[in-house]
Every structure is written in structure tokens, then in C-alpha cells.
Amino acid sequence: MRPNVLATSDHPSRLPSVLSVFLGSLEAQVMEVLWTRGECKVREVMRTIDRDLAYTTVMTTLDRLFRKELLDRRKSSRAYIYSPRVTCQEWKDKEARDVVARLLAGPQSSREALIACLLEAVGTQDGLLLEFQKAIRKRRS
């Protein structure tokens with residue numbers, strides 16, 4: 001069995017709204033189950049999710065996540081066993097990089113909005129603005 005891929009500070013119960021932005025709500029729930037448990041068969045996912053779902057719905061969702069390269073699967077008897085291909089943190093990092101890249105590739109107004117939001121967020125954290133300035137100086141040299 002694959003070890004639990006979550007650090008305690010990244011527990012998926014804190015992520016549904018963030019995950020649902022990039023994945024459908026059922027896909028987000030399934031990923032949470034797999035990040036918590038490590039690996040599961042379709043029926044195990046069904047029992048863990050607090051919704052009344054058809055077996056084929058959960059199976060299709062797992063297959064879709066497999067095709068999106070978020071899950072691995074292996075055959076065991078007649079069933080597949082699914083496991084996360086990426087950790088929760090790796091997934092969050094990739095999605096954040098993708099959002100930033102899309103904003104930077106967009107018009108000047110989206111780049112300006114990104115910079116303004118970043119500066120506002122950094123400015124609310126003690127000492128983080130200084131770290132940000134140091135990182136910029138280091139990057140330039």
C-alpha cells in the first residue's frame with residue numbers, strides 16, 4: 001500500500017472549495033479520499049464519499065481522473081485499485097503555477113492585476129514583503 005501522501009497541514013478536508021475550482025465537486029471528493037487513504041477500489045471510494053452514487057458514476061470519475069493523469073491504477077483480480085499519482089501539495093503547486101502562467105500570458109491588465117494581488121497578499125504578512133524583495137534582488141543578480 002502506498003504511504004499517506006498528505007502532510008498534516010495539507011489535510012484535504014480544508015481543500016474542497018479550492019479543489020472544486022479546478023475539478024468537479026465529485027472529482028474533488030474522490031481525490032480527497034485517495035489522498036487520505038492512499039489507494040482504493042471503486043467500492044471503497046463509494047463507501048467513503050458521503051453521497052448516494054451509482055457504482056458506474058464513481059468508476060467513471062476515477063477513470064476520468066486517471067486520464068487526467070492525477071491517478072495511477074493497477075489491476076487486482078477483476079477490479080482496478082486506484083492511487084494518487086501526485087501528492088496534494090504537488091497538485092496545488094501545479095495548479096497555482098498554471099493560474100499564474102495563464103495570467104502572465106494574458107493582456108497587460110491581467111498581469112497588472114496579478115502583481116497587485118500578489119503585493120497586497122504579501123504586504124499583509126509580517127516580514128514576507130522583505131523576503132519577497134530579497135528574492136527579487138537575488139533573481140536579478
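This is a predicted model: local features need pLDDT of at least 70, side-chain atom pairs count only at pLDDT 80 or more; totals for chains, interfaces and linings use all residues.
Me: Step back a bit. How many helices and strands are in the protein?
Reply: The protein has seven helices and two strands. Starting at the N terminus, the order is α-α-α-α-β-β-α-α-α.

Me: What share of the residues is buried?
Reply: Of the 141 residues in the protein, 29% are buried.

Me: Which ones are buried in α4?
Reply: In α4 the buried residues are Val58, Thr61, Leu62 and Leu65. Viewed down the axis of α4, they fall within an arc of 100°, so they line one face of the helix.

Me: Why would residues that are three or four places apart point the same way?
Reply: An α-helix has 3.6 residues a turn, so residues with that spacing point the same way.

Me: What do the buried residues of α4 pack against?
Reply: They pack against helices α2 (25-37) and α3 (42-48), and against strands β1 (71-76) and β2 (79-84).

Me: Take α2 then. At what angle do α2 and α4 pack?
Reply: The angle is about 80°, and the axes of α2 and α4 are 10 Å apart. Angles of 65 to 115 degrees count as roughly perpendicular, and α2 and α4 are therefore roughly perpendicular to each other.

Me: Which residues meet there?
Reply: From α2 there are Leu26, Glu27, Val30, Met31 and Leu34; from α4 there are Thr57, Thr61, Leu62, Arg64 and Leu65. By class, this contact has six nonpolar, two polar and two charged residues.

Me: Now α3. Is Val42 buried or exposed?
Reply: Val42, which is found in helix α3, has 6% relative accessibility, so Val42 counts as buried. The cut-off for buried is under 20%.

Me: What does Val42 touch?
Reply: Leaving out residues up to four places away in sequence, Val42 touches Tyr55, Val58, Met59, Leu62, Tyr80 and Tyr82.

Me: Back to α6. Which of its residues are buried?
Reply: The buried residues of α6 are Ser110, Leu114 and Val122. They cover an arc of only 100° around the axis, which puts them on the same side of α6. On the other side, Glu120 and Gly123 are exposed.

Me: What covers the buried side of α6?
Reply: The cover for the buried residues of α6 includes α5 (88-105) and α7.

Me: How do α6 and α7 cross?
Reply: The axes of α6 (residues 108-123) and α7 (residues 128-140) come within 7 Å and cross at roughly 130°. That makes α6 oblique to α7. Leu118, Leu119 and Val122 of α6 make the contact with Leu128, Leu129 and Phe132 of α7.

Me: What classes of residue are in that contact?
Reply: The contact of α6 with α7 has six nonpolar residues, no polar ones and no charged ones.

Notes. Residues are numbered from 1 along each chain as its sequence is written. Side-chain values use heavy atoms; hydrogens and water are left out. Axes are lines fitted to C-alpha atoms, for helices over the stretch in contact, and angles run from 0 to 180 degrees between N-to-C directions. Helices (H or I, at least four residues) and strands (E, at least two) are DSSP runs, numbered from the N terminus. Angles under 35 degrees count as roughly parallel, over 145 as roughly antiparallel, 65 to 115 as roughly perpendicular and the rest as oblique. Contact means heavy atoms within 4.5 Å. Ala, Val, Leu, Ile, Met, Phe, Trp, Tyr, Cys and Pro count as nonpolar, Asp, Glu, Lys and Arg as charged, and the others, Gly among them, as polar. Buried means under 20% relative accessible area, exposed over 50%, partly exposed in between (1.4 Å probe, protein chains only). The arc is that of the directions from the helix axis to the C-beta atoms.
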